[in-house]
There are 2 protein chains.
Amino acid sequence: MNNPAGNAVMSQRTPFNQPKTARGEATKKAILSAAERVIGARGYNDASIGQITSEAGVAQGTFYIYFKTKEEVFSELVLEMGRLVRHTISEATQTISNRLEAERAGLAAFLEFVQAHPDLYRIVQEAQFVDPDAYREYYSAFADGYRSGLSEAVADGEISEGDPDTRAWALMGIARALGEQIVVFGNKTPIPDLVATAHDLIANGLKP
Amino acid sequence: MNNPAGNAVMSQRTPFNQPKTARGEATKKAILSAAERVIGARGYNDASIGQITSEAGVAQGTFYIYFKTKEEVFSELVLEMGRLVRHTISEATQTISNRLEAERAGLAAFLEFVQAHPDLYRIVQEAQFVDPDAYREYYSAFADGYRSGLSEAVADGEISEGDPDTRAWALMGIARALGEQIVVFGNKTPIPDLVATAHDLIANGLKP
DNA sequence: GCGAAACATGAATACTGATTCATGTTTCAT
DNA sequence: ATGAAACATGAATCAGTATTCATGTTTCGC
């Protein structure tokens with residue numbers, strides 16, 4: 001009943017070959033990081049294992065010491081993005097008690113994160129097609145947090161009534177669309193401006 | 001200086017082999033429709049030409065009479081989706097003068113369309129990775145219409161001030177997120193409920 | 001410092017699936 | 001009615017690339 005590898009027990013997808021030495025650890029990190037860049041730049045299908053390993057500075061066979069398949073490295077990147085984004089947002093949000101202010105801060109933190117990690121952003125979007133389960137997990141974890149926050153805020157009378165699920169999806173949709181502007185369309189509007197306009201819409205709607 | 005094939009001159013992507021007989025027309029339609037189903041269901045990469053032609057009831061080689069490459073059929077499907085969606089929304093919106101009401105009607109029409117055409121919806125999303133140019137075109141055409149509508153409404157004092165570009169992206173993000181709930185996550189919330197909640201958020205924001 | 005486990009190599013394998021092509025069949029303007 | 005263009009066929013080609021494997025090299029607990 002123990003847990004030798006020290007993995008999170010909740011994770012279904014246990015990496016099949018955790019490195020056991022410092023060297024292995026470093027190599028796996030190098031491959032993951034190379035995969036992030038190569039897949040982020042060329043997309044999953046056009047990214048080859050050869051490109052990834054060459055970018056990582058290791059031989060092609062080395063890849064399969066750490067990942068069972070090409071899809072597995074992708075899936076790990078999606079998980080990583082999930083962890084990082086949730087951490088970033090909860091960090092940026094923690095000290096703020098006002099819900100609408102927290103909403104604004106979370107949006108700003110999210111957009112800054114995706115601007116700093118465009119490759120990860122693209123990978124999560126592509127997960128929809130490459131690894132739907134990973135995508136669902138990423139998206140659900142996110143939505144759950146959002147929804148419960150909104151529910152509390154409604155209970156506290158901080159915001160108006162409204163189905164928290166639908167609202168959570170809508171707010172995530174706004175964040176995603178603005179992230180796409182930055183990462184995919186190369187939009188240069190400063191993040192604070194995007195946040196200001198979007199947050200005004202979120203807080204007050206379009207009514208004159 | 002004439003335009004023999006009668007194509008729209010503005011279209012960059014002229015189909016290289018327009019069918020010239022009724023039979024050809026029917027065959028091309030069959031292949032397009034089969035491609036929509038097969039690619040929509042399995043994704044671009046897992047969909048093979050063989051599956052598409054077999055679903056269409058024609059031989060494999062026939063595919064290449066009408067499409068130069070696998071990517072070309074995909075690209076045509078994205079264009080088709082763009083035409084259909086814009087038509088559907090403008091149809092649903094035309095008679096409504098009140099901007100916020102038009103917004104609601106457009107959202108409802110969009111969601112009903114994607115519910116009726118889940119394969120096309122998925123294909124447009126995947127275009128982001130398979131054919132970025134087609135995706136950009138789809139998205140831009142959409143955003144342009146949105147933006148100019150919002151600008152007018154601001155000028156008429158129908159809605160509050162706010163950057164029309166950012167607002168257009170945000171509103172499109174909401175629509176996309178709700179469409180994803182329906183098509184990708186199989187969410188059963190009735191469309192009118194989704195529309196009601198989302199439209200209330202759009203019109204009034206979250207403020208209590 | 002030893003040796004077993006871990007790690008690394010890169011050439012060989014194995015397979016998939018897009019595209020081509022040589023050969024028929026059908027359509028339709030004349 | 002006819003023949004040239006259009007359409008259809010499906011087996012063969014051909015390239016790319018994920019994965020395996022037999023063979024070294026390095027690490028690290030003892």
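Which helices each supply at least two residues of the surface near DNA strand C? In this predicted model, they are helix 1 (22-42) of chain A together with helix 1 (22-42) and helix 2 (49-56) of chain B. A residue is near a molecule or strand if its C-beta atom, placed from the backbone, lies within 6 Å of it. Helices (H or I, at least four residues) and strands (E, at least two) are DSSP runs, numbered from the N terminus.

The model is predicted, and local features need pLDDT of at least 70, side-chain atom pairs count only at pLDDT 80 or more, and totals for chains, interfaces and linings use all residues. Residues are numbered from 1 along each chain as its sequence is written, while chains are lettered from A and ligands numbered from 1 in the order in which they are written.

Around DNA strand C there are 23 residues, of which G24(A), V58(A), A59(A), G61(A) and G61(B) come nearest. Helix 1 of chain A provides the largest share of this surface, 3 residues. By class, the surface near DNA strand C has 7 nonpolar, 12 polar and 4 charged residues. Here Ala, Val, Leu, Ile, Met, Phe, Trp, Tyr, Cys and Pro count as nonpolar, Asp, Glu, Lys and Arg as charged, and the others, Gly among them, as polar.

Chain A contains 9 helices and 0 strands. Its C-alpha trace spans about 60 × 45 × 30 Å along the principal axes.

Two copies of a chain are related by a rotation about an axis and a shift along it. Chain A can be laid on chain B with an RMSD of 0.0 Å by a turn of 180° and a shift of 0.0 Å along the axis (superposed by least squares on the C-alpha atoms of residues with pLDDT of at least 70 in both). That is the relation of a two-fold axis. The same surface serves both copies, as 100% of the contact residues of chain A recur in chain B. Of the residues of chain A, G205(A) comes closest to the rotation axis, with its C-alpha at 1.9 Å.

Between the chains, 37 residues of chain A are in contact with 37 residues of chain B (C-beta atoms, placed from the backbone, within 7 Å). On the side of chain A that touches chain B, the elements giving two or more residues are helix 6 (118-130), helix 8 (164-183) and helix 9 (191-204) of chain A. Helix 8 of chain A gives the most, with 11 residues. This side of chain A divides into 16 nonpolar, 14 polar and 7 charged residues.

The axes of helix 8 of chain A and helix 9 of chain B come within 9 Å and cross at roughly 60°. Axes are lines fitted to C-alpha atoms, for helices over the stretch in contact, and angles run from 0 to 180 degrees between N-to-C directions. The two helices are therefore oblique to each other; angles under 35 degrees count as roughly parallel, over 145 as roughly antiparallel, 65 to 115 as roughly perpendicular and the rest as oblique. T166(A), R167(A) and A170(A) in helix 8 of chain A meet L194(B), T197(B), A198(B) and L201(B) in helix 9 of chain B. By class, this contact has 4 nonpolar, 2 polar and 1 charged residues.

Methods: Contact = placed C-beta atoms within 7 Å.
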